Amino acid sequence: MAPVLGYWNLRGLVMPIKYVLQEAGVEYEDKVYQLNPPDYNRESWLKEKFNLGLDFPNLPYYLDGDVKLTQSLAILRYVAKKYGLGGDTAEEQAVADMVSCQIFDLRMEMAYLFYTKWNDDNKKDFLNNSLPGKMKLLENFMNGKKFVLGDKVSYADFFLWETIDHLLFLTPDLLKEYPNMKTFYDAIASRPKMKSYMESDKFIKFPLNGPIAGWGGKMEDIKIRYPEA
């Protein structure tokens, strides 16, 4: 039986897991729970939440035979290691984990901004004062590297790519000042399976966040990056 990956009909926390599964050529069931206007009813998820055998019921979840996981990073690392995208040595695994933890910290700051602190002043503070330092660290780290582990792709690359793509919806010119990150971003986007997936109807372009978010959860928010949308 094919594995099952469950999540809302938005990008949120799940997309790096999907990218790894696509890269590895894994056939899986993409179980999408609807969270749509006007009432954003969660009933499709709530009626199944406690009937899936999950120790900590939540979204995303991943069912793979007797393995039943929640927590996005746990799932991401599990599928990466199972399908050869977690690093081949202890050192590579540690570097991939280190970069992923760095990205996770940034994602948590982004989530706090989008869900709790969203206003123009806080947006400007994040873009002008917080984000540049974090981007500079990533830019320096990627100097001379094609991917996080050098010439070898890993799950950390897809986590990093997804985070940068989220940021491009907020500040479309972000990568102009970071040539190493621009080269990295383009290298991941042009990988054949990644490119094919993004061009398919399975790919979720938007929304990024849930409907209660101050930004990224409503279709009008896409206009910063795509004014014609």
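# Notebook: helices, sheet and turns

**Entry 1. Helix 7 and its cover.** I began with helix 7, and noted that the cover over its buried residues includes helix 5 (120-141), helix 6 and helix 8 (192-198). The model I am reading is a predicted one. I then listed the buried residues of helix 7, which are Met181, Phe184, Tyr185, Ala187, Ile188 and Ala189.

**Entry 2. Helix 6 against helix 7.** Two packed helices are described by the angle between their axes and by the distance between those axes. I looked up both values for helix 6 (residues 155-170) and helix 7 (residues 179-189): the angle is about 110 degrees, and the axes lie 10 Å apart. Helix 6 is therefore roughly perpendicular to helix 7, since the range for that term is 65 to 115 degrees.

Which residues of helix 6 and helix 7 meet? From helix 6 I wrote down Asp157, Phe158, Leu160, Trp161, Ile164, Asp165 and Leu168. From helix 7 I wrote down Met181, Phe184, Tyr185, Ile188 and Ala189. By kind, the residues of this contact are ten nonpolar and two charged, with no polar ones. Going back to my list of buried residues in helix 7, I find Met181, Phe184, Tyr185, Ile188 and Ala189 there too. An α-helix has 3.6 residues a turn, so residues three or four places apart point the same way.

**Entry 3. The sheet.** Strands of a sheet pair through backbone hydrogen bonds, in a parallel or an antiparallel sense. The sheet I looked at is open, has four strands in the order 2-1-3-4, and its pairing is mixed. Ignoring direction, neighbouring strands here are turned against each other by 15 degrees on average.

**Entry 4. Strand 3 and its partners.** I followed strand 3 (residues 61-64) on both sides. Strand 1 (residues 4-8) runs antiparallel to strand 3, and three bridges join them. Leu5 has Tyr62 of strand 3 as its bridge partner.

I checked the pairs one by one. Tyr61 is opposite Thr70 of strand 4, Leu63 has Lys68 as its bridge partner, and Asp64 is opposite Val67. Two residues lie between the strands of this hairpin, and Gly65 has a positive phi near 65 degrees.

Are the residues of strand 3 buried or exposed? Tyr61 and Leu63 on one side are buried, and so are Tyr62 and Asp64 on the other, which leaves both faces of the strand covered. Helix 3 (residues 72-82) lies across strand 3 and strand 4, at about 135 degrees to strand 4.

**Entry 5. Gln71.** Next I looked at the loop between strand 4 and helix 3, where Gln71 lies. Gln71 is not a glycine, yet its phi is positive, about 80 degrees. Its relative accessibility is 51%, so Gln71 counts as exposed, the cut-off being over 50%.

**Entry 6. Tyr83.** Tyr83 is in the loop between helix 3 and helix 4 (90-115). With 28% relative accessibility, Tyr83 counts as partly exposed. What does Tyr83 touch, leaving out residues up to four places away in sequence? I found Leu21, Ala24, Val26 and Tyr62. Tyr62 is one of the buried residues of strand 3. I also took the separation of the C-alpha atoms of Tyr83 and Glu23: it is 9.2 Å, although these residues are 60 residues apart along the chain.

**Entry 7. Cis peptide bonds.** I noted a cis peptide bond from Leu59 to Pro60, with omega near 0 degrees. Pro60 is placed in the loop between helix 2 (43-46) and strand 3. I noted another cis peptide bond joining Phe206 and Pro207, where omega is about 5 degrees. Pro207 belongs to the segment after helix 8.

**Entry 8. Domains.** How is the protein divided? The assignment gives domain 1 (4-84 + 196-217) and domain 2 (90-191). Taken over C-alpha atoms, the two centres are 21 Å apart. In the contact between them I have 22 residues of domain 1 and 19 residues of domain 2.

Conventions
Residues numbered from 1 in each chain as written. Predicted model: local features only at pLDDT ≥ 70, side-chain atom pairs only at ≥ 80, totals over all residues. Heavy atoms only, no water. Axes fitted to C-alpha atoms, helices over the stretch in contact; angles between N-to-C directions. Parallel < 35°, antiparallel > 145°, perpendicular 65-115°, else oblique. Contact = heavy atoms within 4.5 Å. Nonpolar A, V, L, I, M, F, W, Y, C, P; charged D, E, K, R; others polar. Buried < 20%, exposed > 50% of the residue type's maximum accessible area, 1.4 Å probe, protein only. Pairing = 2+ DSSP bridges. Domains from an automatic or database assignment.
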